[in-house]
Amino acid sequence: MNITIVGTGYVGLVTGTTLAELGNTVYCVDIDAKKVEAMKQGSVPIYEPGLEEMFLRNIQAQRLFFTTELKEALEESEVIYLALPTPPGEDGSADLSYVLSVSNQIGELLTDYKVIVNKSTVPVGTADKVRETIAAKTKIPFDVVSNPEFLREGFAVEDSMNPARVIVGSESERAKEIIAKIYQPFTNTGIPIIFMDEKSSELTKYASNSFLAVKITFMNEIANYCEKVGADVDKVRLGMGSDDRIGHRFLFPGIGYGGSCFPKDVKALIKSGKQEDFDFQILEATENVNQAQKVILVSEIEKYFGGNLQGKKIAVWGLAFKANTDDIREASSLDNIEKLLEKGATISAYDAIAEENVRKLLGDKIAYSKDMYSALENADCLLIATEWSEFKNPNFEIMAEKMNNKAIFDGRNMFPLEQIEDKGFFYKSIGRKTLG
Ligand SMILES: NC(=O)C1=CN([C@@H]2O[C@H](COP(=O)(O)OP(=O)(O)OC[C@H]3O[C@@H](n4cnc5c(N)ncnc54)[C@H](O)[C@@H]3O)[C@@H](O)[C@H]2O)C=CC1
Ligand SMILES: O=C(O)[C@H]1O[C@H](OP(=O)(O)OP(=O)(O)OC[C@H]2O[C@@H](n3ccc(=O)[nH]c3=O)[C@H](O)[C@@H]2O)[C@H](O)[C@@H](O)[C@@H]1O
């Protein structure tokens with residue numbers, strides 16, 4: 001099948017590469033001419049383990065093409081995927097301007113029947129809006145399908161090549177047949193393709209992300225309570241997760257969820273609810289708890305230093321919103337750094353992958369270190385904000401030598417307590433006994 005992907009950001013690029021890998025010919029369209037040129041030269045614009053190999057393989061096989069010209073790509077394709085941004089507007093609702101402006105262009109360019117597949121995360125009713133926008137410009141028949149994306153950054157290739165399920169929202173038999181053909185390789189390996197109406201499909205995406213945000217936030221509250229009563233959240237997590245109905249995943253407490261999706265999607269669903277006179281009380285609580293959780297260690301650091309952080313040098317390990325990505329959108333590291341700077345501390349940060357993005361945002365407000373140990377030079381304490389695997393087994397002797405003061409505030413529970421209890425550090429993590 002010949003397919004156009006409009007928007008070659010995270011989702012567009014991974015979806016496009018996956019569809020090419022599944023044997024389709026894919027034309028990736030983006031308005032960012034520099035990005036398109038770089039991709040044509042074989043350069044992958046995002047950090048995503050395993051993507052480059054698949055990307056280059058499909059360029060070489062002449063199944064993956066890049067252009068800034070929507071018209072050119074449309075002429076070649078039967079199916080058009082939209083993978084455009086839906087950022088939060090000022091009031092938290094999803095900004096549909098990218099999706100609708102491209103829909104408008106598609107309406108002007110249609111010459112024969114096409115299926116328009118929406119991969120962007122959009123509120124219920126967007127498929128109707130896309131349909132109306134296109135229909136206002138053309139009499140040529142077309143169908144609109146909702147096909148939300150569930151990939152995680154850092155595991156995008158795995159999630160995309162081997163998804164837990166594919167959700168397809170459409171009431172058109174013609175469109176469903178075409179989409180079923182595209183995903184036939186998944187059906188062949190037992191991956192369920194779940195067909196439903198568009199609205200349910202659109203809501204499945206928000207409901208899934210919001211549920212995961214609630215799950216994490218619930219565990220964060222349990223962790224905070226563990227500290228009050230002397231329980232250990234690692235044990236509670238293990239005990240809870242062993243029940244299949246709960247499961248072990250997404251039960252890891254920490255300094256809150258971030259990233260480009262959970263915060264935005266929780267906000268957008270709350271806003272969509274309000275438009276129907278409906279209060280998502282659980283989601284409102286989740287947002288509030290998460291906001292406080294992100295900076296929960298700042299008050300612990302302050303308490304440790306007797307309420308005064310003026311002139312304290314704080315090392316920060318990890319800047320990305322989670323491991324295996326260079327994405328820093330809504331990263332907890334940034335909330336912590338902002339608060340610590342406000343309180344007069346200085347920061348020496350280390351994140352080999354996300355540093356470049358933070359530099360663009362914070363410039364020289366903080367210092368950057370070339371490795372994890374040099375960030376600790378004369379530091380008064382260490383804050384761990386991202387669970388990069390290189391932090392899992394550090395040399396505690398080198399750490400002790402470098403640091404001015406042996407204190408670790410671990411926002412990602414990197415070390416089992418047994419690993420660190422005889423190392424002579426003050427060690428504060430989330431939902432567990434404080435050592436030292
Ligand atoms: N990033 C993620 O992990 C996931 C994102 N999503 C959803 O997918 C959608 C896209 O997200 P990302 O890929 O992260 O966005 P992104 O911001 O990484 O990329 C969007 C791309 O669209 C391009 N673009 C903007 N206007 C355009 C136009 N008129 N024509 C052609 N290209 C245009 C931009 O230049 C950019 O390359 C959002 O709705 C998001 O919520 C869903 C699942 C996972
Ligand atoms: O819609 C999206 O864009 C995507 O949002 C999330 O993916 P992602 O944002 O890449 O990252 P996650 O792995 O879900 O982590 C999100 C945040 O939750 C935090 N988290 C995750 C799991 C956990 O147990 N505890 C926890 O604090 C992470 O540190 C991170 O800050 C979803 O997991 C994807 O299914 C979805 O497609």
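The UniProt annotation "domain: UDP-glucose/GDP-mannose dehydrogenase C-terminal", from an unreviewed entry, covers residues 315-417. UniProt positions follow the numbering used here, with feature names shortened, and annotations may be inferred rather than shown by experiment. This is a predicted model, in which local features need pLDDT of at least 70, side-chain atom pairs count only at pLDDT 80 or more, and totals for chains, interfaces and linings use all residues. Residues are numbered from 1 along each chain as its sequence is written, while chains are lettered from A and ligands numbered from 1 in the order in which they are written.

Over residues 315-417 the chain is 26% helix and 17% strand. Helices (H or I, at least four residues) and strands (E, at least two) are DSSP runs, numbered from the N terminus. The end C-alpha atoms of this stretch are 21 Å apart.

Now the whole chain. It splits into domain 1 (2-196), domain 2 (206-292) and domain 3 (295-428); the bounds come from an automatic or database domain assignment. Between the C-alpha centres of domain 1 and domain 3 lie 38 Å. Their contact (C-beta atoms, placed from the backbone, within 7 Å) takes four residues from domain 1 and seven residues from domain 3.

Next, the ligands. Around ligand 1 there are 26 residues, of which Gly7, Gly9, Val11, Ser120 and Thr121 come nearest. A residue is near if its C-beta atom, placed from the backbone, lies within 6 Å of the molecule. Helices α1 (10-21) and α5 (97-109) each give two or more residues to this shell.

Ligand 2 has 20 residues around it, with Glu153, Phe252, Tyr257, Gly259 and Cys261 nearest. Helix α10 (residues 198-229) supplies the largest share, three residues. Domain 1 and domain 2 each contribute at least three residues to the shell around ligand 2.

Terms used: Two residues are in contact if their C-beta atoms, placed from the backbone, lie within 7 Å.
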